[in-house]
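Hi,

Here is the structure I promised to pass on.

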Amino acid sequence: LFGNHIALLLGFDKGLARSGLFGYNSFLVGLALATLDSSEKHQGYRVSTIIATIVTASFTSILFVMLGKLLVPYKSPPLTLPFNLATMLLFLASANMSRVNVPLSPELPDYDASAEYSTKISASDFFLGTIRGIGQVFLADNVISGVLILVGIAACSRISALSAYLGSTLGAAMALATGVPSELVAVGMYGFNASLSVTAMLMFYTPSVGAIVLALLSGIMTVVGQQGLETMLQPLGIPFLTLPFCMIALPFIIIQGTTSFVIAVPLASMTVPEDHLHRVNMLADGLTFLRQALVPVGEASIRTSALRSRGMKSSMNLLSTTLSEGMKEESLPCFSCGNASSKVKNHATKTACMDIHGALDKDKSGDLQIKEVTDALQAAGMDHPDGIHLASLILNLMDFDNSKTINCREFVSFAVVCKAIKGVGEQLTKFFDFVDIDGNGKIDVE
């Protein structure tokens, strides 16, 4: 509440505020202070803690903007660094505050490897520990809380939910392998940071084998980072919070653009992993289409002359105009402007496409064979082989359900692409001229 309000009061980006980016760090501050302030359930809180929460939570918005500006060149967000820095600062300051009591217990690290504690854990305790690990992201040492959080993540993204659980499992397994007390694994203390790291890798990179490799490596290193930070912060008596996640995830995120092993997702385009994967697959289909349209059989490079050929130009012109003739909007009186006018034209275009589809659908099955469409284009005057080949490729690309037929919705998409194909051809010609550095008229696809 206060994190968002201070951001709006200071005139920070309203879009970021609406997206909740000023809220999650301040939210975590409230959880951390409330959890550490009282061990009693739903009681025992003090007014001083509430005031400290409001001030510290508000400060996270300032830190978020500051860290965001520093990390912009590296295409990385601040993650939960504002929460960690603001909360740790308050914890350290509380040593000099008689009215703000944070129960910290500074002690020197014990480097005695022969210390006696149990590293054995039952399968049921391990499983419950992995669920608690997800709950511990929000400082909830409770199996039901962990399940509810996991279900909530799954409602948004099944890939993220799976990543979160596997990350918690990986962290717990890695911790046991290094010989940590089993009771810490059972309460999820080694699951939540690894869970965040693994989920982040499959969010900032399109899900792929490469992204999975980075996720596994970041998850393992997060456990190591957590153990190191625990040792470093133990003399100060402050908890590591989600700092291990930030410390390990940031290097993995910042390397984007320096490797072809993974496909990075731009911050401005980030939604959910499923959407990222869909967009990459669509792009791959488009590049396959472009290659099939312009690369001669048996060759590995695009001939830029293919776009300039008289046959290809006339095919693009004809594709652009053939369906447009049947989609000319009637002159409609429009007493509004902007979006309303555009909606009227789009509706008229869609209606015209549906009429054309209906006219070609002689058996009224609702679907057209691709050959039926190409035969109609030939009857309209498109008799050049390049044009028919190009139309067939577009039709196959628009066959969204892979039924080998074109329904009305797919035909509308085909018509829209055809109307724009002439302009696309001109832009591709300019792009290929720019890429063809040696000027030999060929561009290697790879």
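Lys-371 is exposed, at 57% relative accessibility (exposed means over 50% relative accessible area, buried under 20%, and partly exposed in between, with a 1.4 Å probe and protein chains only). Its side chain meets that of Asp-375 in a salt bridge, 3.0 Å from N to O (that is, a side-chain nitrogen of Lys or Arg within 4 Å of a carboxyl oxygen of Asp or Glu). Asp-375 is partly exposed, with a relative accessible area of 32%. Both residues sit in helix α17, four residues apart, about one turn of the helix. Helices here are DSSP runs of H or I with at least four residues, strands are runs of E with at least two, and numbering starts at the N terminus.

Before I go on: this is a predicted model, so to speak of local features we need pLDDT of at least 70, side-chain atom pairs count only at pLDDT 80 or more, and totals for chains, interfaces and linings use all residues. Residues are numbered from 1 along each chain as its sequence is written, and side-chain values use heavy atoms, with hydrogens and water left out.

The search of the whole structure finds three salt bridges. Another one pairs Asp-275 with Arg-279, the closest N and O atoms being 3.0 Å apart. These two are four residues apart in helix α13 (residues 273-294), so about one helical turn separates them. Asp-275 is partly exposed at 27%, and Arg-279 is partly exposed at 33%. Then there is Arg-132 with Asp-141, where the closest N and O atoms are 3.6 Å apart. Arg-132 is partly exposed at 22%, as is Asp-141 at 45%.

Back in helix α17 (residues 370-379), have a look at Glu-372.

Ile-62 belongs to helix α4 and is partly exposed at 34%.

Most residues other than glycine have a negative phi. Lys-75, though, has a positive phi of about 55 degrees; it lies in the loop between α4 (47-71) and α5 (81-93) and is exposed at 53%. Leu-241 has a positive phi near 50 degrees in the loop between α11 (209-233) and α12 (243-254), but Leu-241 is buried at 9%.

As for the whole chain, it has 19 helices and four strands, and 40% of its 446 residues are buried. The chain exposes about 24400 Å², with carbon and sulfur atoms supplying 63% of that.

Cheers

Conventions
Areas by Shrake-Rupley, 256 points an atom, 1.4 Å probe, with all protein chains shown as cover.
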